[in-house]
Amino acid sequence: MNTLQIKNLSKTYPNGVKALNGINLEITNGMFGLLGANGAGKSSLMRTIASLQEPTFGSISFNTIDVVQKPEEIRKHLGYLPQEFGVYPKISAEKLLNHLAILKGILNKKERKEQVTALLQQVNLYQHRKKSVYTFSGGMRQRFGIAQALLANPQIIIVDEPTAGLDPEESNRFLNLLSEIGENVIVILSTHIVEDVRNLCPKMAILSNGEIISEGNPTELVASIEGKVWAKIIPKRDIDIYKKAFDVISTKLVSGKTQIRVLSGKKPEEGFGLITPNLEDFYFTTLFNNQSKAS
C-alpha cells in the first residue's frame, strides 16, 4: 500500500501570491479527486507534489521518503500528466514513447520495446503508433500523455485537468482508462469538472484559495446536505432579488429557463421543490459556506 502524506504545506511565489496555505492530506492507493475552480491552487499543489517546485513551508512524504529533501526518490515512482503537455516533435508516437522510456531509465532494449508496445495497446493507440503525435486529436494526445506517465510502472500518478477540452466520448474513454490504472497505485485527479470526481473517486477534497475546505467520500459528503437543497424556476431578472432573500448556491439554465438552487432547512417559499442533491450541489454549498465565513 502506497501512502502520500502532506503536512501543513504552503507555497508563496516571489511575486507575493500565496498559492497554497496549510494543506494537510493523506492519500493511499486508488483514485483521489482534487476538485476546485481554476486558480484554486490545484496546479501549484500538483507541481509541488511532483517536486517541480519546492514548498515555502511544510512537508511531503511518499512511503516515508521525504520528497522535499530527496526529490529524485519520488521522481523514480512518479507518472505526471500536466495540464499542458507541451509541443510534440514531428516523430511517431512509438519513437517518442521509446525516447521518453530511455529518459525514464528503461535502458534494456527488449524490456523497453515490450513496455512501449504494451502501453500503446493499453491506451488504444497501437494502430496509430506510426503517426506523429502532433497530428493526434485532443483525446488521442491525452491518451498518449497517460502512456508516457505510465512508463517505468509508477506508484503515484498525477493527472492535471485531463478531460478539459475533450468531447464526451473521448472523456469517458480516458476516465475509464484512469479507473483501471487506479486500482493498485495512487492516482490524483486534479480537475474543476465535478462529474469526473463523482464518477471515479472514492475519496476527494475541495480546494479553494489554496486551502482544503472539505474532504471525504463523495457519497457521504452529498448525504450531509440531503433535505436541504430546494429548486425553483424564476424569471432571469429576479435573480438578484432571490440572492438577497435566500442562500442561493447556484443558478443554471434548464430547458432555456433559469433555475436557482437554494440551501435551506425548510421550504424557502411557495414554488420551491425539494430536490435530491448531487456532488455539484455539495461543491457549490461548500464554496458558498466558505465565502460566507470569509465575509
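Modeller: Contact here means heavy atoms within 4.5 Å of each other. This is a predicted model, in which local features need pLDDT of at least 70 and side-chain atom pairs count only at pLDDT 80 or more, while totals for chains, interfaces and linings use all residues. Residues are numbered from 1 along each chain as its sequence is written, and side-chain values use heavy atoms, with hydrogens and water left out.

Start with Ile146. Leaving aside neighbours within four places in sequence, Ile146 is in contact with Leu81, Val123, Ile157, Val159, Phe174, Leu177, Leu178 and Ile181. Ile146 and Leu178 are the residues with the most contacts inside the largest nonpolar core, which has 53 residues. A nonpolar core is a set of buried Ala, Val, Leu, Ile, Met, Phe, Trp, Tyr and Cys residues joined through side-chain atoms within 4.5 Å. Buried means under 20% relative accessible area, exposed over 50%, and partly exposed in between (1.4 Å probe, protein chains only).

Helices (H or I, at least four residues) and strands (E, at least two) are DSSP runs, numbered from the N terminus. Helix α5 covers residues 138–149 and lies across β6 and β7, running at about 165° to β6. Such angles run from 0 to 180 degrees between N-to-C directions, with axes fitted to C-alpha atoms, for helices over the stretch in contact.

Those two strands belong to an open sheet of six, in the order β6-β7-β8-β3-β9-β10, with mixed pairing. Two strands pair if DSSP finds at least two bridges between them. The edges are β6 (78–81) and β10 (211–216), each of which pairs on one side only. From one strand to the next, the twist averages 15°.

Although β6 is an edge strand, both of its faces are covered. Leu78 and Tyr80 are buried on one side, and Gly79 and Leu81 are buried on the other. In a regular strand the side chains alternate between the two faces of the sheet.

The partner of β6 is β7: the two run parallel and are joined by four bridges.

The last piece is helix α4 (residues 109–122), which has 14 residues. From its first C-alpha to its last, α4 reaches 20 Å, close to the 20 Å expected at 1.5 Å a residue; the expected span is 1.5 Å times one less than the number of residues. Arg112, Gln115, Val116, Thr117, Leu119 and Leu120 of α4 are buried. Their cover includes α3 (93–103) and α5. Just after α4, Asn124 takes a positive phi of about 60°.
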